[in-house]
Amino acid sequence: MKILSNEPTIQDLNVSVHDSSLVFPSFEIDETKSLFFSNIDQVLNFHVQTLHFFPPNPDFTPESAVDRLKNALQKVMVEYEFLSGRVKPDPETGRLEVQYKPYGAGFVVASTEFSLDEIGDLVYPNPAFMQLIIPGLSKFDDNPLCVLQVTSFKCGGFCLGVSTNHALFDGMSFKVFLQNLGSQAFDDKPFHLIPCHDRRLLAARSPPQVTFDHPELLKQPEGAENATVFDCNQEELDFKIFRLSSDDISRMKETAKSTETKPNTKLTGFNLITAHVWRCKALSRDVENNRERESVVLYAVDIKPRMKPPLPVSYCGNAVLSAYAAAKCWELEEEPLAKLVERISEGAARITDEYARSAIDWGEIYRGFPNGEFLISSWWRLGFDEVEYPWGKPKYSCPVVYRRSDIILLFPDIGGATSQGVNVLVALPPKEMIKFQSLFSKLLE
């Protein structure tokens, strides 16, 4: 296990924007159409930015990649027509939806004076990396649903920054979008996978039938219509990356195997790491009488295979719900790792078709949000760096990181899922970080 905490030496990439334009579909938009948002989509009306770093390729200059990506964005709109529209409330119901309009998606061309090697460890989320997509967003004043920014490095490599509204895609459907974008950058490739846009597959029942208590959800306060999940609170935070190797994860699994657990407990890498991080985060809280406090961890579960019938793999939209596990802090301190994994595993297993339908119906009535002490957000095995482009796969892909104490991120190492290692990105108040770091190392021994 390694800990990365040194701030990058380069704090400003000196990005220059050379061109910004809107890309439109090559066909006429039917402006009578709109895209329905499920209750899961409704609370995710904010942008998520991802970065995809490509090393130099002698057969493809950044300029040629710009041309291919711009053409690919236009071609991909054949299957993602809504990218040219905008999110607006339905005038009758007030529900958010995409109104199909010929307003276009954003495309930005930029450069930096640095080489890819000079900007340092790509895994460490340098705040300067925001310059690889944020300048592009600022060029458009009507909030396009999708903006691409291609920033070339002086070495001949480049970064593809992508900003999309989270209401459009979860991590898995965004990967399909990237695969389709990559396929259309080739001269003669078909779409990787035709997306399914029937979001009414996750519509609430009529009338809504809430059949579970859903302590993992919190009712929306009055007067907070169209608020979004996890609004940011500004606070002073220390930031560290805890890098777990495949050997670290194997040792955790062997430790957990030595304790008897319920038959259906899944000792997966994700469950082991989530249990370990949960214990460290809960016990590091700087609050009075912490041992008696209940701690609740949230983590995303893909509901597509759990629905009856299962949703198609090609489903485009948000098909994840927050599972939860809860325990008193004294239990987190005293129970063996395997028992915490058992709680995590049970939390995921709780989400059946009926539970998911009940949560969606709950959202129809209360318009609420996930409710827990913190969320584990895993980008570990999404595989964005497995996407094929004419110039090859990305050297590394990652989201732009906004440091939050209530969200802990799991990132792959360079090499993606094939590396088997994982980076745990943690931001905490300084006093809590000292205790978290001590517990993280001690409890791995």
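What percentage of the 445 residues of the protein chain count as buried? In this predicted model, the share of residues that count as buried is 56%. The chain is built from 10 helices and 18 strands, and its radius of gyration is 22 Å, close to the 22 Å that the globule rule gives for 445 residues, so the chain is as compact as a globular protein of that length. Along the principal axes, the C-alpha trace spans about 60 × 55 × 40 Å. When contacts between residues at least 6 apart in sequence are considered, 81% of them join residues at least 24 apart.

The accessible surface of the protein chain amounts to about 19400 Å², and carbon and sulfur atoms account for 49% of it. Charged side chains comprise 46 positive and 60 negative ones, and the centres of these two sets lie 4 Å apart.

In soluble globular proteins, nonpolar side chains tend to be buried together. In the present model, the largest nonpolar core has 81 residues, and F53, L73 and F82 are those with the most contacts inside it. Apart from residues up to four places away in sequence, F53 touches a set of residues that includes L116, I119, L122 and F129, as well as F153, F158, P394 and Y396. A second, separate core of 59 residues includes L298, I303, A338 and M433.

Leaving aside neighbours within four places in sequence, G415 is in contact with D385 and K395, while E386, which is 29 residues apart from G415 in sequence, is 9.3 Å from it in space, C-alpha to C-alpha.

Two cis peptide bonds involve prolines in loops. One joins S206 and P207, with omega about 0 degrees, and P207 is found between helix 4 (171–185) and strand 10 (217–218). Another joins K308 and P309, with omega about -5 degrees, and P309 is found between strand 12 (294–302) and strand 13 (320–328).

Positive phi values occur at two asparagines. For N143, in the loop between helix 3 (134–137) and strand 8 (146–152), phi is near 55 degrees. For N289, in the loop between helix 6 (269–283) and strand 12, phi is about 55 degrees, and N289 is exposed, with a relative accessible area of 55%.

Key
Residues numbered from 1 in each chain as written. Predicted model: local features only at pLDDT ≥ 70, side-chain atom pairs only at ≥ 80, totals over all residues. Heavy atoms only, no water. Helix = DSSP H or I, 4+ residues; strand = E, 2+ residues; numbered from the N terminus. Rg over C-alpha atoms; globule rule 2.2 N^0.38 Å. Buried < 20%, exposed > 50% of the residue type's maximum accessible area, 1.4 Å probe, protein only. Contact = heavy atoms within 4.5 Å. Areas by Shrake-Rupley, 256 points an atom, 1.4 Å probe, with all protein chains shown as cover. Lys, Arg positive; Asp, Glu negative; His and termini not counted. Charge placed at Lys NZ, Arg CZ, Asp CG, Glu CD. Core = buried A, V, L, I, M, F, W, Y, C linked by side-chain atoms within 4.5 Å.
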